Every structure is written in structure tokens, then in C-alpha cells.
Amino acid sequence: MTALRYESLADKVVLVTGASRGIGRGIALAFGEQGALVLVNSRAEERVTETVEAIVAAGGSAETAVADVGDPSAAQALIAEIVEHHGRLDVLVNNSAISPVVPLLEMTQEMWEQAQRVNEWALFHCGQPVARQMVAQGGGSIVVIGSPGAEDAYDGQSLYCASKAGLQMLAMSMAWEWGPLGVRTNVVQPGWIETALNRKYLSDPDVRERVTNTIPLRRTGLPADVAPAVLWLCSDDAAYVNGATLQVDGGLLAGRPTVVSRRFEWARR
Ligand SMILES: NC(=O)c1ccc[n+]([C@@H]2O[C@H](COP(=O)([O-])OP(=O)(O)OC[C@H]3O[C@@H](n4cnc5c(N)ncnc54)[C@H](OP(=O)(O)O)[C@@H]3O)[C@@H](O)[C@H]2O)c1
């Protein structure tokens with residue numbers, strides 16, 4: 001995964017939400033390799049158990065941390081249980097999200113609320129009790145997995161984009177209010193990463209080719225591309241980094257494909 005070994009991450013207690021698969025799983029595995037105790041969250045015991053077993057098989061330490069983080073009382077109970085059992089919580093990686101596709105005119109109130117709860121409010125549900133503990137213990141680090149959708153509207157994904165925009169601002173507010181208390185908060189914005197979340201798009205070869213052509217590095221990313229950025233942000237090497245947004249997207253947001261650029265062969269290579 002990463003050749004770097006961060007001494008400052010060894011023995012840390014780390015909660016990764018949405019770590020049963022995809023990017024969260026990759027981040028959980030990476031913290032396991034650093035010698036941290038990884039608390040692996042998702043909604044289902046059987047799904048997080050697979051990640052826990054993979055971390056342990058690689059020589060790391062991990063435990064299941066099952067809860068629906070979109071539910072405030074479930075999230076708060078999870079944090080309280082972690083603090084009671086481990087006495088501290090050093091890192092929160094707020095990663096879980098859902099990405100329903102539905103045109104705005106057809107969206108129901110229930111869909112709207114569910115996406116806001118999981119994608120945005122979960123950061124408040126988990127982040128506030130986590131930060132209280134971090135302040136009490138003398139510091140900690142929070143990394144929020146955001147999205148370029150915080151800045152651009154996508155077809156049929158107003159739920160996702162609006163929730164990610166709110167998430168982004170909540171993360172910046174946390175950096176602003178909790179920085180003076182010793183809690184650093186930063187955002188990682190992945191680009192096109194190969195996970196179940198966007199399989200519905202990338203399984204179409206034509207879409208895949210068009211997507212790849214919008215990425216300057218001309219490939220989609222893997223969860224293992226995202227995890228090193230999260231490790232660094234949580235390490236002491238990033239001790240002066242707070243309120244940053246780090247794009248791990250192959251340069252996706254560096255520019256925009258235009259109608260004109262499609263006429264140039266070199267722009268498609
Ligand atoms: N993949 C991309 O290209 C991409 C691009 C930009 C940003 N991102 C962001 O990266 C993060 C991870 O995405 P991904 O692609 O890895 O997605 P994914 O493969 O669909 O995984 C989502 C994870 O969230 C968990 N989850 C969903 N609802 C939950 C809830 N209420 N409580 C607890 N866990 C919940 C799922 O676990 P269970 O189903 O087991 O509960 C799963 O582990 C998300 O924040 C996403 O917005 C992804």
C-alpha cells in the first residue's frame with residue numbers, strides 16, 4: 001500500500017466509517033498496516049467482519065464497530081462504547097455515503113432525508129462526540145471523505161451533491177472551531193475510484209472510456225490510491241495542516257473538457 005511507516009500512527013485508536021468495502025476498506029487496511037487499532041464501521045456485522053479479518057490476517061489489530069451512522073442515537077452510542085472500551089479515540093475517518101440516482105422531480109422526502117442523514121449529518125452525529133473526547137484527551141485528527149460533487153451538480157445526483165456540499169462546509173467549520181482545541185479536520189476528495197458506488201457507470205465501456213479521457217492521468221483510481229493521503233493527514237507529518245481539501249483524482253478538477261478541446265487529437269490521448 002504505502003512504503004511509508006508513520007510512527008505517529010502506531011497504537012492510535014482509529015474509527016473508519018463505511019469500511020466494509022471500497023475506499024473505507026482501503027483506508028482501514030492502510031491504518032492496520034501502520035499498527036493502529038482499527039475500528040471498522042458499517043451497518044452490518046457480516047460485512048465489516050471481512051475487513052477486520054483482512055486486517056488481522058495482515059498482522060494488524062481491528063474490531064467491528066457496527067452502527068448506522070445516519071441514525072444519531074446509534075452513532076452516539078457507538079462513540080460512547082468505543083471511548084468506554086478503549087479510553088480514547090485518536091482518528092475519525094468519516095467515509096460512509098450512499099449515492100442514489102433520481103431526478104429531482106421524482107425525489108421523495110424519504111430519499112432526501114436518508115441521503116442527508118448518511119452523507120452529511122453522520123459527520124455531526126459522530127464528529128461532535130468524537131471531538132469532545134479528542135479535546136478531553138489533548139487532541140486528535142478527523143478526515144472527511146468528500147467529493148468533487150460538493151462543487152459541481154451531477155445529473156440525477158442532487159441528493160449526493162447537495163449533501164457533499166453541506167459536508168464540505170461542516171468539515172471546514174469543524175476545522176475552524178476545533179483547531180484551537182487541538183483537533184485537526186481535513187477533507188480528501190477522491191475522483192473516479194473503482195468501487196461499488198460508481199460501478200453503475202464504469203461497467204459501461206463507453207462511459208468508462210469517456211470518463212478516463214477526462215482524467216489527466218488517464219486512469220481511474222483505486223482505494224489504495226486514496227488511503228495514503230488519509231494516513232498522511234492523520235500523521236504528525238501533517239501537524240500544521242488543518243482545513244485543507246486534498247484532491248486525489250488524477251487531476252480531474254484541474255480543468256474542464258470543452259467542446260473545442262475535443263477537436264484536438266492530443267487532448268484525447
Ligand atoms: N468511488 C468514487 O469514485 C468516489 C468519488 C468521490 C467520493 N467518494 C466518496 O468516498 C466514500 C466511499 O465511497 P465508496 O466508493 O467506497 O462507496 P461504497 O463502495 O458504496 O462504500 C460505502 C460504504 O459506506 C457504508 N455505509 C453506507 N451507509 C451507511 C450507514 N448508514 N452507516 C454506516 N455505514 C454506511 C457501506 O457499508 P454497508 O453497506 O455495509 O453498511 C460501505 O462500507 C464516500 O463518502 C463517497 O462519497 C467516492
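Among contacts in the protein chain between residues at least 6 apart in sequence, 73% link residues at least 24 apart. The structure is a predicted model. Its protein chain contains eight helices and seven strands. The radius of gyration of the chain is 18 Å, close to the 18 Å that the globule rule gives for 269 residues, so the chain is as compact as a globular protein of that length.

**Overall dimensions and burial**

- Taken along the principal axes, the box filled by the C-alpha atoms of the protein chain is roughly 60 × 45 × 40 Å.
- Of the 269 residues in the protein chain, 44% are buried.

**Packing of helices H1 and H8**

- Helix H1 comprises residues 22-33 and helix H8 comprises residues 223-234.
- The two helices pack at an angle of about 55°, and their axes lie 8 Å apart.
- H1 and H8 are therefore oblique to each other, and their crossing is right-handed.
- On the H1 side, Gly22, Ile23, Arg25, Gly26, Ile27 and Ala30 take part in the contact; on the H8 side, they meet Pro223, Ala224, Val226, Ala227, Pro228, Val230 and Leu231.
- The residues of this contact between H1 and H8 comprise 10 nonpolar, two polar and one charged.

- Ala77 belongs to helix H3, which spans residues 72-86.
- Because 13 other C-beta atoms lie within 10 Å, Ala77 is classed as partly exposed; a residue with 12 or fewer would be exposed, and one with 20 or more would be buried.
- Ala77 and Ser203 are 126 residues apart along the chain, and their C-alpha atoms are separated by 38 Å.

Definitions and conventions: Residues are numbered from 1 along each chain as its sequence is written. This is a predicted model: local features need pLDDT of at least 70, side-chain atom pairs count only at pLDDT 80 or more; totals for chains, interfaces and linings use all residues. Axes are lines fitted to C-alpha atoms, for helices over the stretch in contact, and angles run from 0 to 180 degrees between N-to-C directions. Helices (H or I, at least four residues) and strands (E, at least two) are DSSP runs, numbered from the N terminus. Angles under 35 degrees count as roughly parallel, over 145 as roughly antiparallel, 65 to 115 as roughly perpendicular and the rest as oblique. A crossing is left-handed if the near helix is turned anticlockwise from the far one by less than a right angle, and right-handed if clockwise. Two residues are in contact if their C-beta atoms, placed from the backbone, lie within 7 Å. Ala, Val, Leu, Ile, Met, Phe, Trp, Tyr, Cys and Pro count as nonpolar, Asp, Glu, Lys and Arg as charged, and the others, Gly among them, as polar. The radius of gyration is taken over C-alpha atoms; the globule rule is 2.2 Å times the number of residues to the power 0.38.
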